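Hi,

Here is the model I promised to pass on.

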Amino acid sequence: MKRAGLLLAAAAALGLAAGAQAADKLKVGFVYVGPIGDHGWTYRHDVGRLAIEKTFGDKVETTYVESVSEGADSERVIRQLASTGHGLIFTTSFGFMNPTVKVAKKFPKVKFEHCSGYKRAANVSTYLARFYEGRTISGLVAGKMTKSNVIGYIASFPIPEVVRGINAFTLALREVNPKAEVKVVWVNTWYDPGKEGDAAKALIDQGADVILQHTDSPAPAQIAQKRGVWAVGQASDMTKFAPRAHLTAIIDNWDSYYVARTKAVLDGTWKESDVWGGLKSGMVEMAPYNSAIPKDVVALAKQAEADIKSGKRHPFQGPVRNQAGKVVIPEGKTADDKMLLSMDWYVEGVQGKLPGK
Amino acid sequence: MDTAAAVIVSMMAAATPLLYAALGELVTEKSGVLNLGVEGMMITGAVTAFATATITGSSAIGIVAGAAAAMALSLIFAVLTLSLVANQVATGLALTIFGIGLSALIGQGYVGTPLDALPKLDIPGISDIAFVGPVVFGHDFLIYFSFVMVGVVAWFLYKTRAGLVLRAVGESHDAAHAIGYPVIGIRYLAVAFGGAMAGVGGAYLSVAYTPMWIENMTAGRGWIALALVVFATWRPGRVLLGAYLFGGVTILQLHGQGFGLGIASQILSMLPYLATILVLVLISSDRALIRLNAPADIGKIFRPAS
């Protein structure tokens, strides 16, 4: 993969060099970690890029480089984009953080937007979405739909982002169904359709009748459909892969953010910022609910969406107990961003131990 | 289906793509050619099989097309390394990179297209017997065919004259050439067979295992197949064993986590690879064994003396 990325990057860089004339347009560059055909993470970022093109038409020109591996290789790609007249560059993977900051120092006039990192500078902003808000909604739906009271959760890596999702989901699940439990399987990959499918099979064989995933391929949803259980999609609407099993999906929607940031550069009002948007800002969206879900459950889910948007509901509303039964978030309190960003413990109702704990 | 049967069934499915690709590569390597492009051929087979099955509505035609496409790719490798005498390692790596890119291009229009999975054998009454039913009589034909192919490859290599000639070419191409065997021609056939088998392995992923097309869906299985050939010390029976060991540990570790086994998932994920290294060490300690099975002229360039 690394080599593939390198070649693709080199090829794209050549293409860039050739097309670096039109000077009055704002050139917007994108660096992707995966292929745009992954139908998940990178695909959604590319949809955001197309939204920029659609909104601004002739005023902008966009370029993307896909399958760029994290690390030194990405620095070269980012530098290439910066030196070929791009005024705004989006780098969309955590591992692009240091290369982005490094290149940004050399090109103070170019604006950089890094997804999911924490290092900022005068010309480097960061942004990410509160996907865990979507987990709350899917938890409510799953709690109502499960019959076996066992939920299977396919997790990628034990980082706060993923743990936060498992916890938000479990809290909502047990709010409507206190008997339900969550079985977590770590596959240690973001993307391996075969392995994700195997994990889904293993969980279903062990009694799970709703499958959640924090990995990027539609394989788990597809297996769920084949086995006649439910699934919740990830990153993009996966309905077409499993029309019967697909309850809903947590969709990443970067469109409005990308358009707003591009507009800010065009207007000359762009400033360094750190955005962590959720359902309210539209960065997180729920895919259409499966018609097999009873009306009252859909109403419950939609109400929860509205309540999260209005601030009436918080995914981590105290009292929240950890696996040992100890109250971690007291009654009347909610988890603050600091706690959310460093979450490394399971709430009550998750089976098994968090790796490395 | 009880859990034990379910585990075995998923294990067999996980092992099958590896088994096909590794068997093909085994024959290629026995003829003295090292083709590192297995991953690229598998993914090309996967996308072609999926696209063809979608268009024609027939999984069988899809699988044949997948094999043919991967074989065509392997023939590019053969022309470059055998006729034009390019370096096999570099060409094989290039073939993998090329295959991944090519498959993404071909597959653009097929992401998200639904496809019915390959039908499973279903004998009324028999396939429903507890345990034995699903484990012995509940698979798609490619799984049964993979066993047939293990037998065919073993029989061909060790019981037929043609197999003997192929091995002779792999052991010493100069000697085989001196006797009058068409070294290049035999290697062309071996490479083509390896390509076709890798294609079937890839096709298994896209039409039976997870019936869909998505970029890079082989996710490194071609490299595991390459490791398996060494793991098996170039013996078909041991390729079968190795593929099932790999498939088995992968599935078992997922089940183990679900049951709340207190072992770190990373360690469980490492197990198949640790097993490979362990077996490699054990086998390598017996030098005679390696010398008996490894083709002596593997990867060496053959220029017929004119």
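Which strands of chain A does helix 2 (residues 41–56) lie across? Helix 2 of chain A lies across strand 1 (26–31) and strand 2, and runs at about 165° to strand 2 of chain A.

Before the rest, some housekeeping. This is a predicted model, in which local features need pLDDT of at least 70, side-chain atom pairs count only at pLDDT 80 or more, and totals for chains, interfaces and linings use all residues. Residues are numbered from 1 along each chain as its sequence is written, while chains are lettered from A and ligands numbered from 1 in the order in which they are written.

On terms: helices (H or I, at least four residues) and strands (E, at least two) are DSSP runs, numbered from the N terminus. Angles run from 0 to 180 degrees between N-to-C directions, with axes as lines fitted to C-alpha atoms, for helices over the stretch in contact. Contact means that two residues have C-beta atoms, placed from the backbone, within 7 Å.

Now chain A. Six of its strands make an open, parallel sheet in the order 2-1-3-4-5-11 (strands pair if DSSP finds at least two bridges between them). Strand 2 (60–65) and strand 11 (274–277) of chain A sit at the edges with a single partner strand each, so one side of each has no neighbour in the sheet. Inside the sheet, strand 3 (residues 86–91) and strand 4 (residues 111–115) of chain A pair in the parallel sense over four bridges, and A:I89 stands opposite A:F112 of strand 4. Helix 4 (residues 97–106) of chain A lies across strand 3, strand 4 and strand 5 (124–129), at about 170° to strand 4 of chain A.

Over to chain B, and its helix 6 (residues 141–159). The buried residues there are B:L142, B:I143, B:S146, B:V150 and B:V153 (buried: 20 or more other C-beta atoms within 10 Å of the residue's own; exposed: 12 or fewer; partly exposed in between; C-beta atoms are placed from the backbone). The face turned away from the buried side of helix 6 of chain B carries the exposed residues B:Y144, B:V148, B:G151, B:W155 and B:K159. Among what covers the buried residues are helix 1 (3–30), helix 9 (183–209) and helix 11 (236–258) of chain B.

Finally, the interface: 36 residues of chain B are in contact with 33 residues of chain A. Helix 11 of chain B gives the largest share of chain B's side, six residues.

Cheers
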